[in-house]
Amino acid sequence: MDERRITVTVNGERTTVDVEPRLLLAHLLREGLRLTGTHIGCDTTNCGACTVLYDGRPVKSCTMLAVQADGHEITTVEGLGIASELDPMQEGFKEEHGLQCGFCTSGMMLTATALLAENPNPTEEDIRWALSGNLCRCTGYQNIVKAVLWAAKKMRPPAAV
Amino acid sequence: MYPSRFRYEAPRSLDEAVNLMGTYGDEAKVLAGGQSLIPLIKLRFAAPELLVDINNIPGLGFHQAEPDGTLRIGALCRHNDLERSELLRSRQPTMAAAAPLIADPIVRNRGTLVGSLCHADPQGDWASVMMALGAEIVAVAVNNRRTIPVSQFVTGPFQSALRPGEIAIEARVPPPQGTVSGTYFKLERRVGDFATVGVAVALESNGETVTRAGIALTGVGPFNIQATAAEEALVGKALDSNVIEQAANLAAEAAQPKSDHRGSAEYKRNVVHTFVMRALGRSVAQAA
């Protein structure tokens, strides 16, 4: 069996695991590491439900091989926060009702997290552009945008008076 | 869906990669961004024996202008790098206009321009841009290095001129001789869709007349189409409304659209005409 030993840092934790080269990163995360917050929504690299951060940048984990994560850092939605201690992005989605079924939500929050790291004060247009690789079938995107704006405001230091 | 079994190597040098490709020939595929290749192998439309992952090879992620004005884009330069490029914004309006329109922002973090050319999707945007610019590809194999004009690089749908054992390592845009103008327009039903119609226009002028014209079309033929007659109608002329209209007509004639769920053939031909009119009109405005 042509398995490779890879070492991936997932949500800050180093993990060493043997994988077939053909194993997709999404499957390593969901089935190998039981981190099922990352979702698989399409077969065509369109929907972005599988989005994770790869060295801080959003990638579609269904369109990456697990072996490509060897030596790299992955952040999944589980790395943002926990139920008792939501991070500002998660809080924003809660406060602004930024989800309905929740299937696209982990991808949305991770892409938006990367956006805010680069642009702490995005306009609505910036947000819509950055999220254009993440599809939502439920919400019509309005509240997702509001959620990201909420998180951006929470994370910015208060303006000097 | 997931791929069938394959061998995988991640060489750390170009020499190593080239040797692997030379050994395995047409059973091997290069993995760069993977945003076209991995979807193909997931659906099992392709089943290479060996994937040669070039992401760990240093020195391929660049894009830069040489002293003589040649623009070089390395094999690992991501669409995103080009989207954010100040160099492109200031010097290469056709490429700068196209970069943000490729796929979606997440795919753009991984996908590469060179990879897109090699994949030769008939609805790929970069091939039209690079054809309009008269660009070329540098391909290396064991003991061989050659340069292939992009106009000869795409040989059919998903077919490139690369021979087994060759790796495309960079794309090169020749130095402009005159004032550069141009743009890329893409009509898509939604972000991330393939182009219903894409039009690349790249012009050079001496201040009065057009000295070089490149016009290439996406999504309206079996592969990207260079609108040669339209280009020739522009060279040596000043961009007045008659000249623009004539070029737009010729470009529309060069298109070979098919009616499908993205639109009728007549509609697509009309969009080609409109886009060429607009792009040339913009060049006039830019020069003013």
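Two strands are said to pair if DSSP finds at least two bridges between them, and strands (E, at least two residues) and helices (H or I, at least four residues) are themselves DSSP runs numbered from the N terminus. The views below come from a predicted model, in which local features need pLDDT of at least 70, side-chain atom pairs count only at pLDDT 80 or more, and totals for chains, interfaces and linings use all residues. Residues are numbered from 1 along each chain as its sequence is written, while chains are lettered from A and ligands numbered from 1 in the order in which they are written.

**View 1. Strand β6(B) and its two antiparallel partners.**
Let's begin with β6 (residues 136-141) of chain B, which pairs with β7 (residues 144-149) of chain B in the antiparallel sense over 6 bridges. Look for B:Glu136, which stands opposite B:Pro149 in β7(B). The hairpin has 2 residues between the strands, and B:Asn143 takes a positive phi near 60° there. β6(B) also runs antiparallel to β10 (residues 167-173) of chain B, to which 5 bridges join it. Here B:Ala139 has B:Ala168 in β10(B) as its bridge partner.

**View 2. B:Leu117 in the largest nonpolar core.**
A nonpolar core is a set of buried Ala, Val, Leu, Ile, Met, Phe, Trp, Tyr and Cys residues joined through C-beta atoms within 7 Å. A residue is buried if 20 or more other C-beta atoms lie within 10 Å of its own, exposed if 12 or fewer, and partly exposed in between, with C-beta atoms placed from the backbone. The largest such core has 142 residues, and B:Leu117, B:Ala251, B:Val272 and B:Val276 touch the most other members. Two residues are in contact if their C-beta atoms, placed from the backbone, lie within 7 Å. Leaving aside neighbours within four places in sequence, the contacts of B:Leu117 include B:Trp126, B:Ala127, B:Met130 and B:Phe153.

**View 3. Helix α1(A) and the strands it packs against.**
In chain A, helix α1 (residues 25-32) has A:Leu25, A:Ala26, A:His27, A:Leu28 and A:Leu29 among its residues, and these five are buried. The buried residues of this helix pack against β2 (13-19) and β3 (51-54) of chain A. After the helix comes A:Arg34, with a positive phi near 55°.

**View 4. The two domains of chain A.**
Domain bounds come from an automatic or database domain assignment, which gives chain A domain 1 (4-79) and domain 2 (88-155). Their C-alpha centres lie 21 Å apart. Where they touch, 17 residues of domain 1 are in contact with 12 residues of domain 2. On the domain 1 side, β3 and β4 (57-60) of chain A are the elements that give two or more residues, and β3(A) has the largest share, 3 residues. That side divides into 7 nonpolar, 9 polar and 1 charged residues. In this count Ala, Val, Leu, Ile, Met, Phe, Trp, Tyr, Cys and Pro are nonpolar, Asp, Glu, Lys and Arg are charged, and the others, Gly among them, are polar.

**View 5. Domains 1 and 2 of chain B.**
Chain B is assigned domain 1 (7-53), domain 2 (63-173) and domain 3 (179-287). The C-alpha centres of domains 1 and 2 lie 18 Å apart, and 14 residues of domain 1 are in contact with 19 residues of domain 2. Helix α1 (residues 14-24) of chain B gives the most to the domain 1 side, with 6 residues. By class, that side has 6 nonpolar, 7 polar and 1 charged residues.

**View 6. The contact of chain B with chain A.**
Here 24 residues from chain B meet 22 residues from chain A. On the side of chain B, the elements that give two or more residues are β1 (7-9), α2 (37-42), β3 (50-53) and α6 (105-108). This side has 13 nonpolar, 5 polar and 6 charged residues.
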